Amino acid sequence: MPLKKSWVESANSADTPFPLNNLPYGVFATDDLDPRCGVAIGDMILDCQRAEEEGLIALGDAPLFDVPFWNEVMEEGPEAWAALRDRLTQILEEGSKDREAAEKLLVKQSDATMQMPFLVAEYTDFYAGRNHAFNVGSLFRGPENALPPNWLHIPIGYNGRASSVVVSGTEVRRPWGQLKGPNDDKPRFAPCERFDLELEMGAIVGTASDGPVTVDEADQMIFGYVLLNDWSARDIQAWEYQPLGPFQAKATATTISPWIVTRAALEPFRTDTPEREVELLPHLKDTGPMLYDIELSVSLAPEGGQPTTISQTNYSVMYYSSAQQLAHHTTAGSPMTPGDLLGSGTISGTEKGTLGSLLELSWGGKNPVQIDGGERTFLQDGDTLTLHGHAQGDGYRIGFGDCTGTLLPALSDPYARG
Ligand code: CA
């Protein structure tokens, strides 16, 4: 499918993240406008609240767009999602008869502040990248015990905290926690010394379920995708993670990109999950291409310095798709809710420079990564981390918008009051 042309000129360049083919959903505010739903087109945002007020969009149980989240649209269901996408395309395409009415509803992205695009109902993080699981397992337990015995049979995950999910641009503070290194005879309470990122995709569940769903049904339940940085305190993790998995190591913050890229926009980029060395049980087998060809990269900028790309990889290297993860999530009966967020697990390729965490890039802190004006094993205070992602089409891109965060120093005393 080639670039679809829009009357919004900036949406027609080959390198804009937001051509008419994309139409991602976000929540924005300006000096004059309260937070509301909008759709990105080129370097502009179409104000969906005003488009609905003026009758340009009429959909479901209106009003849907005057609130600072997309959950109400999700709750309208897949037919409404398709109808909205068709209508927005009609409004914004070249030669549209709605141009004159819609032109007045455009806001410059540079004048807008992006907020969380949806209310996170619950947050689950998986561990579905084979290379990442092998690397981290090797570092924590040795290569002979790297992959847990269940790993090739189920997408393993843990229940995270919806309350800790923040939008791109939110500052993140280095946490304190209980640490015990391999040579320490007892634990101590101190600021994290090994604060890290994890490059992931987040899948947003758009429809409810009550009881087990198939992989195909799960795929149809997904509303869209965001970039996701699962900030990780490695030294806290190493001490706490057995036997129930990470807890405080992952509780500081999880940053997502501000635009929900819909499953519909990603359809042309579907790819198969990799060859499997162990056959999956029938309820988890995929029935078609369930991953996406999405080019991903990570850049790190020290305070006052320039960003350096420290990793480049692709979402298609994952072992399990979000649909398989969602299907597995429901097998024991847990209901799913619109706004549930599923982290993919860290996305790492096989080579140096394709790894999705500093833990792997620096191999447990042994091999520093070169950046502008210095080197890193783990993050330093003032570092700004940015995830980038796009699917490359024929003369156009489906971009996600940056997922960025700056690390603030730890408090001097986290229990000081007043
Ligand atoms: Ca993770």
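Start this tour of a predicted model by selecting Glu267, which counts as partly exposed because its relative accessibility is 34%.

Next, select Arg99 and Glu103, which both lie in helix H4 (residues 99–103), 4 residues apart, or about one turn of the helix. These two residues form a salt bridge in which the closest N and O atoms are 3.1 Å apart; Glu103 is partly exposed at 38% relative accessibility, and Arg99 is partly exposed at 36%.

Move on to Arg174 and Asp381, whose side chains meet in a salt bridge of 2.8 Å, N to O. Arg174 sits in the loop between strand E9 (172–173) and strand E10 (176–179), while Asp381 sits in the loop between strand E24 (374–376) and strand E25 (384–392), so the pair ties together parts that are 207 residues apart in sequence. Arg174 is buried, with a relative accessible area of 10%, whereas Asp381 is partly exposed at 35%.

Now select the calcium ion, which is coordinated at 2.2 to 2.3 Å by Asp125 (OD), Glu198 (OE), Glu200 (OE) and Asp230 (OD). Asp125 in strand E6 (residues 123–126) and Asp230 in strand E14 (residues 222–230) link distant parts of the chain, 105 residues apart. Asp125 counts as buried at 1% relative accessibility, and Asp230 counts as buried at 0%.

Note on methods: Residues numbered from 1 in each chain as written. Predicted model: local features only at pLDDT ≥ 70, side-chain atom pairs only at ≥ 80, totals over all residues. Heavy atoms only, no water. Donors = N, O, S within 2.8 Å, 3.2 Å for Na, K, Ca; no water. Helix = DSSP H or I, 4+ residues; strand = E, 2+ residues; numbered from the N terminus. Buried < 20%, exposed > 50% of the residue type's maximum accessible area, 1.4 Å probe, protein only. Salt bridge = Lys/Arg side-chain N within 4 Å of Asp/Glu carboxyl O.
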